[in-house]
Amino acid sequence: MADDLSAQLRPITADEWPAFTRAMHTVFGDPLTGPYTETVPPVAELDRSLALYDDGRIVATSGLYSFRMSVPGAVVPTAGVTWVSVSPTHRRRGVLTAIMRRQLTELHEQEREPVAALWAAEGSIYGRFGYAPASWRGGWTGEAGRLRVRDDVDTGDGRVRLVDAEEFRPAAARVYEAVRRWVPGNLVRDDRWWGRRLLDVPEERHGANERQYALHVGADGEVDGYATYRITGTFTAAGEPESTLTVEEVRATGPTAYAALWRFLLSHDLVRTVAAPHASSDDPVRHLLTDPRALHAHPVDALWVRVVDVGRALAARRYPAPIDLVLEVRDAFCPWNDGRWRLSGHPAGGYCGRTDRDPDIVLGIEELSAAYLGGTSLAALQGAGRVTEVSPGAVTLASTAFGWPIAPWCPDEF
Ligand SMILES: CC(C)(COP(=O)(O)OP(=O)(O)OC[C@H]1O[C@@H](n2cnc3c(N)ncnc32)[C@H](O)[C@@H]1OP(=O)(O)O)[C@@H](O)C(=O)NCCC(=O)NCCS
């Protein structure tokens with residue numbers, strides 16, 4: 001069934017975009033807003049889209065973005081899975097399975113991206129296809145009055161400037177370009193993606209003001225950090241201010257600018273609550289505060305990753321500690337990965353190829369994918385019974401080698 005459907009899926013043309021996007025929004029139940037309901041958004045890659053038609057109507061949609069994603073020590077081409085929807089009239093007949101099979105098979109056969117990634121609408125959909133949560137967001141809220149920057153933190157002699165979107169964009173892009181490769185899960189943002197990131201559709205503000213753009217200018221006059229945020233301005237019935245300041249992103253090339261931007265964000269008048277829903281799970285802001293308990297984090301899974309080609313994906317990243325082990329990988333959905341792989345890695349690079357040697361560790365593709373960005377410990381997965389150690393000590397060694405000092409974080413939802 002899934003194989004038949006797979007052959008019926010085809011990319012759409014630009015003329016079909018309005019019907020395609022309407023079909024997708026109907027399934028997600030969100031209103032069609034913004035400038036790209038009738039015209040194709042610049043980030044779209046229609047040659048990588050797939051649609052299923054039935055009786056002249058689009059009943060399933062999907063797409064891929066050609067990303068480059070930071071992974072431990074490297075930047076790797078990554079297929080970003082998007083636009084996945086199946087009409088309620090066609091659910092549970094294997095359509096999603098057909099989409100997944102078609103995407104992953106083509107990536108493998110055409111030797112495209114060795115890794116795929118997505119944001120999951122529900123946590124129970126994608127594990128069966130080998131995807132696993134590889135990054136977590138540590139979204140937090142805090143009472144503004146309790147969020148104070150420590151006195152011993154150096155906030156430098158620079159200044160924060162509020163600017164308009166036009167001035168912000170090139171300056172922020174330079175900062176982002178300087179920092180993104182050090183954070184696994186960060187995506188290369190070209191001009192199209194900055195355009196998408198800074199879209200500010202009034203219907204999607206949900207009561208907040210327009211986005212605010214802040215640049216930090218260091219004492220040398222160079223922009224070395226930026227922040228974007230919004231304020232939802234409200235008062236209680238008794239006339240007390242109770243606004244919420246929602247931080248979207250704070251990036252800086254060094255700790256002084258980072259601290260100065262946070263001091264700025266945390267010192268707004270009228271604000272009772274500060275929220276940072278998309279923060280990294282290991283955001284340094286926690287260590288800037290006088291009272292770290294004032295920050296209430298609610299970690300949730302963020303970017304999901306799927307190793308598409310074990311050999312190419314594992315050779316592409318780096319390993320902070322030397323590793324030379326045989327992994328027996330179980331991958332029923334992508335049988336080209338199934339079997340034994342010798343992984344030999346170190347801080348400067350890695351090799352991964354087929355082997356007949358006995359395995360040191362046995363694990364599924366979900367577990368390998370979870371660990372790929374360095375944010376999920378193989379030892380924790382072993383603790384859950386999902387990784388089997390054959391050679392004593394192998395999981396400790398592999399957990400250390402697969403780890404990374406900076407927690408994976410993807411601030412870009414797609
Ligand atoms: C999620 C969705 C794409 C699934 O499509 P589908 O064509 O019904 O999926 P399939 O028929 O291929 O299902 C494959 C398997 O996944 C399971 N599954 C599908 N959707 C699931 C869900 N939401 N939760 C749990 N399991 C799910 C099916 O039961 C089936 O299991 P089985 O093989 O054991 O029978 C579809 O329900 C949908 O469009 N949902 C709303 C939009 C959405 O969530 N999109 C995902 C965006 S990230």
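Figure 1. Strands are DSSP runs of E with at least two residues, helices are runs of H or I with at least four, and both are numbered from the N terminus. Two strands pair if DSSP finds at least two bridges between them. Strand 3 (residues 74-86) and strand 4 run parallel and are joined by 3 bridges. Ala-79 has Ala-116 in strand 4 as its bridge partner. This is a predicted model: local features need pLDDT of at least 70, side-chain atom pairs count only at pLDDT 80 or more, and totals for chains, interfaces and linings use all residues. Residues are numbered from 1 along each chain as its sequence is written.

**Figure 2. Confidence along the protein.** pLDDT is the predictor's confidence in each residue, from 0 to 100. The protein averages 97, and 99% of the residues score at least 70. Confidence is lowest in helix 1 (residues 2-8), with a mean of 80. It is highest in strand 4 (residues 115-119), at 99.

Figure 3. Most residues other than glycine have a negative phi. Trp-83 has a positive phi, near 60 degrees. Is Trp-83 buried or exposed? A residue is buried if 20 or more other C-beta atoms, placed from the backbone, lie within 10 Å of its own, exposed if 12 or fewer, and partly exposed in between. Trp-83 counts as buried because it has 21 C-beta neighbours inside 10 Å. Ser-87 has 18 other C-beta atoms within 10 Å, so it is partly exposed. Two residues are in contact if their C-beta atoms, placed from the backbone, lie within 7 Å. Leaving aside neighbours within four places in sequence, Ser-87 is in contact with Ala-23, Val-27, Val-59 and Ala-60. With 7 other C-beta atoms within 10 Å, Arg-92 is exposed.

**Figure 4. Helix 3 (residues 95-109) and the residue Glu-111.** Helix 3 has 15 residues. From first C-alpha to last, helix 3 reaches 21 Å, close to the 21 Å expected at 1.5 Å a residue. The expected span is 1.5 Å times one less than the number of residues. The buried residues of helix 3 include Val-95, Ile-99, Arg-102 and Leu-107. Glu-111 follows helix 3 and has a positive phi, near 50 degrees.

**Figure 5. Helix 4 (residues 165-179) and what covers it.** The 15 residues of helix 4 should span 21 Å at 1.5 Å a residue. The end C-alpha atoms of helix 4 are 20 Å apart, which agrees. Which residues of helix 4 are buried? They are Phe-168, Ala-171, Ala-172, Val-175 and Tyr-176. An α-helix has 3.6 residues a turn, so residues three or four places apart point the same way. The cover over the buried residues of helix 4 includes strand 8 (159-163), strand 9, strand 10 and strand 11.

**Figure 6. Strand 10 (residues 223-232) with strand 9 and strand 11.** Strand 10 is mostly covered, with 8 of its 10 residues buried. Strand 9 (residues 212-217) pairs with strand 10 in the antiparallel sense, over 6 bridges. Here Tyr-213 stands opposite Thr-228. The hairpin of strand 9 and strand 10 has 5 residues between the strands, and its Gly-221 takes a positive phi near 90 degrees. Strand 11 (residues 243-252) also pairs with strand 10 in the antiparallel sense, over 8 bridges. Ile-231 stands opposite Leu-245 of strand 11.

**Figure 7. Strand 16 (residues 323-330) with strand 17 and strand 19.** Strand 16 pairs with strand 17 (residues 339-346) in the antiparallel sense, over 7 bridges. Val-326 stands opposite Arg-342 in strand 17. With strand 19 (residues 361-364), strand 16 pairs in the parallel sense, over 4 bridges. Glu-328 has Val-362 in strand 19 as its bridge partner.
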